[in-house]
Structure formats: structure tokens, C-alpha cells
Amino acid sequence: MGKTELYSLCKGFVDCVCLCLPRSNSEAAGHNERDTENGHLIYKCADVLEDRYEIVDTLGEGTFGKVVQCLDHSRGGSRVALKIIKNQEKYREAAKLEIDVLEKISETDPNNKHNCVQMLDWFNYYGHVCIAFELLSFSTFDFLKSNNFLPYPMNQIRNMAWQICHAVSFLHDNKLTHTDLKPENILFVNSDYSLVYNTEKKCNERRINDTTVRLVDFGSATFDHEHHSVVVSTRHYRAPEVILELGWSHPCDVWSIGCILCEYYEGFTLFQTHDNKEHLAMMERIQGPIPQRMIRKSRKQKYFHRGRLDWNEGSKAGRYVKSKCKPLRKYLLSHGTEHHQFFDLLERMLEYEPSKRISLPSALHHPFFLPLHHSGRSQVWRNSSDMSR
């Protein structure tokens with residue numbers, strides 16, 4: 001596994017907004033000679049933490065700290081990803097919520113059957129909270145990018161979709177909402193690939209050999225009983241109820257999954273915007289008018305005029321939306337049965353009303369997944385590099 005490939009692993013960790021960890025008396029308070037000015041741990045390759053974790057490479061850096069690759073000498077020298085949190089109180093506190101979530105996942109899924117990344121260990125190191133994870137590979141976004149944004153084949157989308165729905169349904173069963181689902185936070189366990197000639201594009205494309213994935217980045221995951229931030233999710237995967245400040249729960253994850261699957265299918269982000277009102281205009285272009293009930297209850301009345309989105313289609317922004325977006329079914333790349341089944345599932349995931357949006361247990365029984373039920377789910381994501389689109 002090359003350094004570039006390993007670097008992509010940090011995608012699932014570097015965007016964490018992690019959160020209350022009590023410090024032991026042996027920990028150093030504030031900055032010390034072990035830390036940089038902004039709180040990062042100073043280290044070099046071959047340093048060993050806790051007489052166990054030998055640092056061999058830096059995988060990435062984020063606002064919270066850094067992720068390094070280590071040899072775990074308590075596990076026979078196996079390679080792990082170690083997330084080293086800055087020696088600052090707010091980041092230490094942030095780490096506690098993530099650890100709580102990861103411990104809940106480990107407790108309820110000890111055999112790692114639900115496609116969520118496994119926390120192997122955590123400890124305090126001179127004021128730095130450190131979390132060890134299984135070492136994974138490319139994110140589904142990075143693989144897409146390395147493949148010149150050529151869409152994933154339909155059979156691979158089906159395999160990944162089932163695993164994602166299965167993983168997030170497991171979270172929902174445990175009274176958790178992930179809140180930051182995106183292709184960057186879905187990582188392949190192994191990103192070995194084959195080169196396949198694409199006759200339509202007249203070029204070689206990478207075809208992942210094993211579509212087994214893990215869901216990562218639980219820094220923003222929220223238990224049902226906890227305080228719910230007003231705004232959650234990365235912009236392109238943000239549900240309408242979040243933008244309209246109507247409150248959110250498990251269904252906001254389902255909307256995000258719909259956006260992710262569409263991106264796998266098309267090769268590009270469905271909602272390419274950074275503005276709330278423009279985002280809503282794109283939704284209306286793709287899924288039709290926002291329901292009146294949601295408009296009436298929204299705290300964001302500034303986006304509306306007389307019960308309708310205040311949007312000028314003739315403006316520069318209006319022309320941009322019209323050029324970028326079209327009714328959902330017009331994105332179909334084929335009129336084969338499985339493509340129509342896929343879009344039926346997407347329409348149910350991208351339902352405006354959270355109460356009407358398909359639940360993940362129902363999604364897992366959608367006809368789109370029927371081939372997996374027939375072939376046996378335990379085998380379907382391996383050796384799935386066939387040419388079917």
C-alpha cells in the first residue's frame with residue numbers, strides 16, 4: 001500500500017469535530033516542550049508511544065490534530081491509524097463524545113458486522129488524547145477522483161449502498177444520527193483495483209476489486225437524547241429540514257445517503273452550491289416544490305415570498321441552477337430495470353418530508369437490493385468488478 005493511498009485514509013478522520021475527557025494527574029496541562037505552538041504533538045518516525053505504538057508515517061492533519069500510521073507492537077506489529085488530538089482543552093473535550101460513540105459501537109458490534117470503523121484503543125499521552133483505529137484505505141471519494149470521476153458500475157453501487165444503509169441503520173437502532181455522511185467518510189477496506197477498458201469513454205478505468213467499505217468519522221454523531229446543533233452535515237449532503245431549521249433526526253442521514261448514491265452513479269455532486277437559497281432552488285429543480293407545511297413552519301422565512309421560494313430563474317444564479325440541475329429521473333443513464341429501481345429508491349430517500357422519507361430498514365428491502373438477497377449478502381461485495389453498468 002503506497003503512501004498516497006494511505007494518505008487518503010485520513011479523509012475519514014481529518015474532518016472530525018470530535019468532544020469531554022477527564023485528564024489524569026500525570027497529564028501535562030497546556031503546552032509543553034513536547035508540543036508545537038498550536039498544540040500538535042511533536043514527534044518523528046520511529047517514536048514509540050505508550051511502549052506500544054511505533055510511528056512510521058503521517059497520514060494527515062486537521063484542526064483537531066494529526067493522524068499517523070503506527071506499528072502496534074502489542075498486536076504483532078500490525079498497522080493501525082492513530083489519531084493524536086491537540087493538547088488543548090476544547091479538543092480533549094471534543095474527543096470524549098467521539099469515544100463515547102465508538103465505545104457504543106464496539107460494545108454493540110464486537111464482531112464488526114455492521115461496517116463501522118473499529119476503535120482499537122484510546123489513551124492519554126501528555127495531554128493528547130490518542131485514538132487507535134483499524135487501518136483502512138481510499139475513501140470512496142478519493143477513488144472516484146483518482147478514476148477521473150468516472151461513475152461506479154451499478155453492481156458496485158448496489159453493494160456499497162447496501163453496506164452504507166446497513167451501517168447507518170445500525171446507528172439509528174442504537175439511537176444515533178451520524179450527521180456527516182459523505183463519500184469522504186466511507187472508506188474501502190482494500191482499494192486494490194483492476195484496469196478495465198471503457199468502450200464508451202474510450203479509456204482505461206480503475207475498477208475496485210473488493211467493495212467492502214467502512215463508515216468513519218463519528219466526531220459529529222449525536223445520540224437522540226443529546227443536544228442537536230441547528231446546522232449539521234457537510235453542505236452538499238445537507239437535508240432540507242436542516243436548511244429550513246425545522247429540527248432533524250435519523251431521516252437527515254437518509255437524505256445524505258441519497259445524495260451519496262447519486263454521486264456514485266453520476267460521478268459528480270448533485271447539489272453543487274454553497275448558498276442556502278440556491279441549494280433550495282436546486283432541490284426544487286430536482287424534486288419539485290418544497291411542501292407548504294415545511295415552508296410555513298420554517299424559521300427561515302427570508303427565503304420565501306407568499307409561500308413560495310423567492311427565486312428569480314432569470315438571474316445569474318437562476319441560470320446557474322437551471323444549467324446544473326434537472327428533474328431527478330432525467331439523470332438516468334440507462335432505462336434498464338435496475339436503473340429505474342435505483343431511481344425509485346433515490347426518490348424515496350430524497351423525499352422532502354422527513355416523516356415520509358424512507359427508513360433504512362425499509363430501504364434494505366427495496367427491490368433494488370433483491371439481487372443481493374438472492375446471492376447471499378455475505379459474499380456480494382467481493383470479486384464484484386464485472387462490466388455491468
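**Cysteines and salt bridges**

Cys70 is buried, with a relative accessible area of 0%. This is a predicted model. The sulfur of Cys70 has its closest cysteine sulfur in Cys130, 8.6 Å away, which is too far for a bond. A disulfide would need the two sulfur atoms within 2.5 Å. By that rule, the count of disulfides is zero. Cys45 is likewise in no disulfide. For Cys45, the nearest cysteine sulfur is that of Cys70, 9.5 Å away.

Charged side chains do pair up. The whole structure holds 18 salt bridges. One of them links Asp47 to Lys44, with the closest N and O atoms 3.2 Å apart. Lys44 is exposed, at a relative accessible area of 55%. Asp47 is partly exposed, at 22% relative accessibility.

Next, take Glu338 and Arg158. They form a salt bridge, and their closest N and O atoms are 2.9 Å apart. Glu338 sits in helix α11 (residues 337-349), while Arg158 sits in helix α5 (residues 154-173), so the pair ties together parts that are 180 residues apart in sequence. Glu338 is partly exposed, with 25% relative accessibility. Arg158 counts as buried, at 6%.

Glu205 and Arg207 make another salt bridge, with the closest N and O atoms 3.5 Å apart. Here Glu205 is buried, at a relative accessible area of 2%. Arg207 is buried as well, at 1% relative accessibility.

Salt bridges can also share partners. Arg52, Asp72, Arg75 and Asp121 are joined in this way into one network.

How values were computed: Residues numbered from 1 in each chain as written. Predicted model: local features only at pLDDT ≥ 70, side-chain atom pairs only at ≥ 80, totals over all residues. Heavy atoms only, no water. Buried < 20%, exposed > 50% of the residue type's maximum accessible area, 1.4 Å probe, protein only. Salt bridge = Lys/Arg side-chain N within 4 Å of Asp/Glu carboxyl O. Helix = DSSP H or I, 4+ residues; strand = E, 2+ residues; numbered from the N terminus.
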